[in-house]
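Try each task before you read its solution.

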Amino acid sequence: MKFTLSWLKSHLDTEATLAEIDARLTMLGLEVEEIHDPAKDLAGFTIGHIVEAEQHPNADRLRICKVDTGAGIIQVVCGAPNARAGIKVILAQPGTFIPVSGDKLKKGNVRGIESQGMMCSWRELKLGEDHDGIAELDADSPVGAKLVEVMRFDPVIEISITPNRADCLGVRGVARDLAASGLGRLKPLVVNPVKGGYVSPINVALDFPEDAKSACPMFVGRHFKGVKNGPSPQWLQDRLTAIGLRPISALVDITNFFTFDLARPLHVFDAAKVNGALTARLARPGEKLMALNGKEYELSAEMTVIADQAGPEGLAGVMGGEHSGCTEATTEVFLEVAAFDPIRTAATGRKLDILSDARFRFERGIDPAFLIDAAELATAMIVELCGGEASELVVAGAEPDWRQSIALRPERAEALGGVAVETKRQELILTALGCTVSEHGDGLLVVPPSWRGDITAEHDLVEEIIRVNGYDQIPATPMPRPTMCKPVLTPGQRRAAWVRRHLASRGLVETVTWSFLPSAQAKLFGGGTAAMHLANPISTDLDCMRPSLLPNLVVAAGRNADRGFKDLGLFEIGAQFDGPEPGQQRAVAAGIRVGKAVPRHWKEASRAVDVFDAKADLLAAIAAAGANPDSFQIGTDAPSWYHPGRSGVLKLGNKPVAAFGEVHPGVLTALDVKGPIVAFELFLEALPPQKAKATKAKPLVKLSAFQPLERDFAFVLDAEMSADAVLRAARNAEKALITDVSVFDLYEGPNVGEGKKSLAISVTLQPFDKTLTDEEIEAVGKKIVEGVLKATGGVLRG
Amino acid sequence: MDELDKIRVAALAAVAAADSVEALEAARVAALGKKGSISGLMAALGKMDPEARKAAGAAMNAVKDEVAEAIAAAKSVLEAKALDARLAREKVDVTLPVRPDSQSGRIHPISQVMEEMAAIFAQMGFDVAEGPDIEDDFHNFTALNIPAEHPARQMHDTFYFGEREDGSRHLLRTHTSPVQIRTMLSKKPPIRIIAPGRTYRCDSDMTHTPMFHQIEGLVIDKTTNMGHLKGCLLEFVTTFFEVDEVPVRFRPSFFPFTEPSAEVDIGCSRDGGELKIGKGASWLEIGGSGMVHPNVLRACGIDPDEYQGFAFGMGVERMAMLKYGIPDLRTFFDSDLRWLKHYGFVPLDVPTLSGGLTR
């Protein structure tokens with residue numbers, strides 16, 4: 001919403017400065033977006049007088065002018081075709097800020113001739129587009145005076161209006177708020193009804209089915225004859241131009257003026273082109289309208305139209321029709337002042353994709369009691385600017401009942417708003433906003449004005465009171481709070497935080513990627529079904545909810561590789577989406593490593609990442625989450641996006657908790673990313689919940705007085721047999737003594753035979769009550785060998 | 001006895017002459033070994049009468065001890081020399097770089113800032129609540145007093161899913177406010193929660209990304225008023241930005257789910273083109289807030305005549321950008337390793353109020 005300062009002052013009697021108005025508007029909730037004050041940038045310009053102009057000796061198009069500055073004569077070289085002796089010009093001398101360039105003017109030398117200033121075009125001052133020559137001022141302009149003192153510059157104020165403040169989509173509403181806040185006095189709006197000279201040859205009617213009566217409760221019209229639709233007067237053109245509208249003709253400019261001045265959109269028909277009565281009704285299937293914007297629209301049955309016998313002549317509240325639009329040739333006019341249903345208007349505008357100033361106001365709600373008065377005010381202006389004669393008013397329907405009484409307990413201002421406002425002041429504020437206020441029991445009874453459809457309940461009144469009173473008057477009160485604060489994170493939130501910091505401490509870099517991705521990528525990771533597609537994606541690259549965090553991470557690794565960073569580890573903690581219903585999402589910690597696990601180094605052998613890097617990250621994450629990595633079964637049936645032979649799944653019972661492995665080379669090819677890349681996915685909510693404990697005490701430590709001892713075994717077993725089976729068998733052979741089992745060698749080759757492998761393990765025995773004898777140690781060894789044989793078929797390597 | 005003395009002199013001379021551990025060992029064997037010169041003499045003791053044996057034995061033992069001591073002394077000298085020589089050989093260039101195992105990863109600024117916020121609001125007794133990213137119309141709009149045709153729905157550029165069997169369409173939440181609804185539906189007042197999380201709007205340009213993060217706050221009880229809202233956010237911003245004084249300005253605004261509503265600005269200066277949070281000539285908007293609208297309370301089965309409270313929402317990225325001077329919103333989601341390492345946080349920098357939020 002834009003208006004000029006003088007426009008505002010046509011409604012508001014105020015001594016306030018522009019800066020005061022600026023600050024107050026914002027503090028009233030009418031946020032100032034921009035104030036363009038042309039005078040601000042024009043301080044340095046003065047009025048000059050060209051006393052002599054002669055041809056530049058070295059350039060055909062340049063002239064050397066002697067310019068009277070009021071303080072003396074200077075020499076200015078000028079290329080403007082209209083630079084000639086005798087005219088008054090706008091003069092900049094060295095040091096003056098030039099708006100169009102953003103720089104200060106310097107003394108110049110143009111083709112060997114010194115130039116001590118510049119004479120400006122309107123465009124150079126950013127006061128217009130005219131750049132055909134320098135600006136010529138009136139002959140009586142005082143030489144030497146400052147430009148800003150001679151010309152009147154009207155600052156343009158742009159404010160943003162929240163959807164509830166339909167009344168402030170007109171300058172008068174803005175003025176009323178300012179006046180209510182004490183920044184001046186609202187000038188009265190004087191309505192002098194114009195007596196009609198004849199009966200309108202065009203009648204108005206409402207024709208709606210019972211369930212659509214609200215589409216247009218009231219339609220007021222008036223006929224004019226003998227009108228001359230020429231250009232509108234300069235003051236009106238200036239106002240419209242200032243707010244970015246193009247003046248068209250007096251009639252059209254009047255309707256635009258009412259839209260922005262009083263938030264009251266009007267429409268004018270060329271009455272000669274209207275065929276019979278104008279009826280507001282619902283559109284009939286198949287009806288079309290060529291609108292004023294030159295586009296043809298196909299209408300549907302829920303849209304309201306203004307139609308004559310020939311068909312629709314306008315889309316109610318949205319846009320008029322081209323056929324009956326006013327032109328310069330128009331001499332007979334029909335004025336439409338109607339009330340239209342906000343919801344229907346919004347739906348029509350949205351469906352046809354028409355944005356108009358009328359729609360913007362109707363869909364937010366116009367003043368339902370301001371039809372007759374608006375028609376009278378518009379009549380006066382039409383007759384004043386276009387001449388002619390007005391008919392009597394024609395009216396269909398009636399003003400809808402908008403009055404409602406709201407009981408206000410004055411103490412609510414403090415109870416809800418936190419600021420004490422005296423009852424008397426509450427009354428004053430509400431009255432200034434247009435409310436009717438009366439005493440009512442212990443409190444007040446308030447009838448809001450017709451233009452404030454947004455005020456419907458007590459809390460709305462409280463808001464108005466503390467808003468106009470000033471939010472800056474509300475004291476900041478500290479929150480009453482617990483004497484000692486308790487942990488507030490849920491177990492899941494704590495887990496996520498531990499996992500996050502632990503993964504980062506392992507060298508993985510946390511990232512945050514989109515929740516959506518291209519559906520082709522989703523399909524590679526088990527997603528991409530129709531139900532997971534967005535109906536209105538921002539682009540086809542982000543059209544589907546992610547079924548896994550990995551594709552985004554893999555693609556991110558590819559982007560980094562393209563930038564020259566080929567060795568990295570990334571992780572993300574976030575949701576993956578399993579279904580289209582709220583809650584069908586899982587919290588996942590997922591990570592990838594790509595490139596070298598150990599970079600080239602003078603001491604260490606370089607090595608590429610492999611599946612065991614991903615497994616290590618995963619096990620560390622599980623441990624960080626407070627779960628025991630050994631409590632899961634390891635399966636090899638990882639999802640399809642992993643390398644089938646280099647991947648695993650951790651399960652609790654049948655439930656997968658995590659997966660890890662090399663990303664499938666085929667998937668990498670499809671994503672156009674170079675591998676190998678190893679990855680893991682951990683479903684945080686699938687981890688067993690941590691046991692609630694009564695105290696934080698740790699179990700008692702058991703420290704043995706006896707040294708642990710290690711024994712090594714090497715088994716030959718089928719190549720397919722898992723190391724995990726051997727380790728478990730060994731560990732279970734003598735649980736009371738064996739505290740650790742680890743693999744220290746793996747060999748496959750001719751020495752152990754085809755299809756076989758040798759796995760060497762180290763077993764740690766920890767006696768607790770005595771030193772073990774050789775016989776006892778041997779007995780444990782025997783149990784281990786037997787246990788491994790039984791569980792895996794592995795035999796001790798000879 | 002001359003013989004003993006000769007042997008003694010010879011043995012000591014051999015020890016003194018030994019210039020290596022091996023030579024010394026040879027000298028020891030020659031004197032004290034089984035077949036050594038002193039051992040040979042001592043073997044003869046057995047043939048002597050007790051008196052003579054006693055005198056000779058004592059003399060021999062004295063020589064034996066003297067030689068043994070000389071050997072021990074020479075040995076420690078030689079060993080020290082040998083060690084020095086070994087250490088000299090073992091010299092390395094300590095300016096060489098260390099093994100490449102000490103790299104640390106980073107925490108994303110969004111995570112860090114959300115933890116900072118949780119730490120601050122925990123002090124004021126706020127729990128941390130969560131809700132789903134995919135929402136239905138009821139939680140995202142209707143219960144928040146945004147009916148189907150309300151113009152406010154056009155303030156949100158909502159991502160929708162396809163039509164479901166019943167004709168409704170699910171959506172990606174446009175704000176974290178649905179968590180308010182879920183909390184009030186599942187929990188009785190008094191309520192104090194914050195709800196950080198992902199939010200989505202169909203918008204993408206220099207200053208908008210289709211996904212971003214918000215943090216929502218909600219307080220419901222019988223007495224909380226707008227002054228508390230002001231106090232709460234004032235304390236929050238001062239603590240969060242870790243500067244002495246952050247002026248806060250409340251500006252009237254409109255949100256369907258609050259009334260009265262306010263936009264929250266913080267003070268800043270832009271001297272020399274550099275943005276500084278704190279006392280200054282300019283204001284920066286950081287979020288929306290207000291008293292929870294009675295219709296919202298009613299939609300959640302809470303009696304607005306008995307209960308009231310406030311809600312607020314802030315953009316997490318925006319707060320991170322303001323606090324840490326990150327210039328471009330879009331870079332948050334780029335996964336550019338260089339950016340992540342520069343703006344990310346080392347994992348041990350856990351924000352606490354006792355230790356300071358930021359190192």
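The end C-alpha atoms of residues 401-476 of chain A lie 41 Å apart. This span is 37% helix and 17% strand. Keep in mind that the model is predicted.

**Exercise 1. Find which UniProt annotation covers residues 401-476 of chain A.**

Solution. 
- Step 1: Look up the span. UniProt, in an unreviewed entry, lists residues 401-476 of chain A as "domain: B5".
- Step 2: Turn to another annotated span. From an unreviewed entry, "domain: FDX-ACB" covers residues 704-797 of chain A.
- Step 3: Describe that span. Residues 704-797 of chain A are 32% helix and 34% strand. Their end C-alpha atoms lie 32 Å apart.

**Exercise 2. Decide whether chain A is spread out or a compact globule.**

Solution. 
- Step 1: Chain A has 19 helices and 44 strands.
- Step 2: Compare two values. The globule rule gives 28 Å for 798 residues, but the radius of gyration of chain A is 42 Å, well over that, so chain A is more spread out than a compact globule.
- Step 3: Check the box. Along the principal axes, the C-alpha atoms of chain A fill roughly 125 × 85 × 60 Å.
- Step 4: Of the 798 residues of chain A, 42% count as buried.

**Exercise 3. Describe the side of chain A that touches chain B.**

Solution. 
- Step 1: Count the residues. In chain A, 83 residues are in contact with 69 residues of chain B.
- Step 2: Name the elements. Those of chain A that each supply at least two residues to this side include α2 (18-27), α7 (342-352), α13 (491-505) and β33 (568-577).
- Step 3: Find the top contributor. α13(A) gives the most, with seven residues.
- Step 4: Sort by type. The residues on this side of chain A divide into 46 nonpolar, 22 polar and 15 charged.

Notes. Residues numbered from 1 in each chain as written. Chains lettered and ligands numbered in written order. Predicted model: local features only at pLDDT ≥ 70, side-chain atom pairs only at ≥ 80, totals over all residues. UniProt positions renumbered as here; feature names shortened; annotations may be inferred. Helix = DSSP H or I, 4+ residues; strand = E, 2+ residues; numbered from the N terminus. Contact = placed C-beta atoms within 7 Å. Nonpolar A, V, L, I, M, F, W, Y, C, P; charged D, E, K, R; others polar. Rg over C-alpha atoms; globule rule 2.2 N^0.38 Å. Buried ≥ 20, exposed ≤ 12 C-beta atoms within 10 Å, placed from the backbone.
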